[in-house]
Amino acid sequence: MYEPSRPKSVVHRVDGNRAPDTAAYPHSSRGEALDIQLAGHLAALLAVTDELGLDDDGAVRIAAQVTRLRGSHPVRVAYPALADGADTRTLHRRARDLAGRALLVAASRADTAAAILAAQRMDAHTAALEAPDRAGAH
């Protein structure tokens, strides 16, 4: 049988035989990519912590880790106090999940300080979820 016709290559040639110079594009190592990912998870965790109104040592330590990884201070927003009966359980679940993601990336990167902090935040948010009469308290 006949071979079906093939579409043109998606690789754009500069001078007919050479591929474009890829050295002009920024590249990051796996470690740098993991640092960026870890900083993102920790920054999101910090945002949820701020949204919960938890002005505690954990928030300060999270901000310090984000600063270490990014080289700049994270943006922090002052949220109004949560009203009684607000959906703090959902925020604690989100914070616990973000801390878990941060823990996985920190462990993959062998970043002990960030891994310990993430595990402690997971424990704190799990305890807040399990508290029967103080579901939103920390």
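Contact, in these notes, means heavy atoms within 4.5 Å.

**Entry 1: ground rules**

I am working on a predicted model, where local features need pLDDT of at least 70, side-chain atom pairs count only at pLDDT 80 or more, and totals for chains, interfaces and linings use all residues. Residues are numbered from 1 along each chain as its sequence is written, and side-chain values use heavy atoms, with hydrogens and water left out.

**Entry 2: the whole chain**

Residues 24 or more positions apart account for 69% of them. Next I looked up the elements. I found 4 helices and 0 strands (DSSP runs, numbered from the N terminus: H or I of at least four residues for helices, E of at least two for strands). From the N terminus on, the order reads α-α-α-α.

Of the 138 residues, 32% count as buried (under 20% relative accessible area; exposed is over 50%, partly exposed in between; 1.4 Å probe, protein chains only). The accessible surface of the chain comes to about 9,300 Å² (Shrake-Rupley method, 1.4 Å probe). Carbon and sulfur atoms hold 55% of that surface.

**Entry 3: His125**

I picked His125, which lies in helix α4, residues 112–130. Is His125 buried or exposed? His125 has a relative accessible area of 0%, so it is buried. I then checked its side chain. A polar contact of 2.9 Å joins it to the side chain of His92 (a pair of N or O atoms within 3.5 Å; within protein, one must be able to donate a hydrogen and the other to accept it, and residues adjacent in sequence count only if both atoms are side-chain atoms). Leaving out residues up to four places away in sequence, I listed what His125 touches: Leu45, Thr49, Leu52, Leu54, His92, Ala95 and Arg96.

**Entry 4: α2 against α4**

I followed α4 to helix α2, residues 57–70. Their axes come within 11 Å and cross at roughly 150 degrees (lines fitted to C-alpha atoms over the stretch in contact, with angles from 0 to 180 degrees between N-to-C directions). Therefore α2 is roughly antiparallel to α4 (the word applies to angles over 145 degrees). Which residues meet here? Gly58, Arg61, Ile62, Gln65 and Arg68 in α2 meet Ala113, Ala114, Leu117, Gln120 and Arg121 in α4.

**Entry 5: Ala44**

Last, I looked up Ala44 in helix α1, residues 30–52. Its relative accessible area is 29%, so Ala44 is partly exposed. Ala102 sits 58 residues from Ala44 along the chain, and their C-alpha atoms are separated by 9.8 Å.

Definitions and conventions. Angles under 35 degrees count as roughly parallel, over 145 as roughly antiparallel, 65 to 115 as roughly perpendicular and the rest as oblique.
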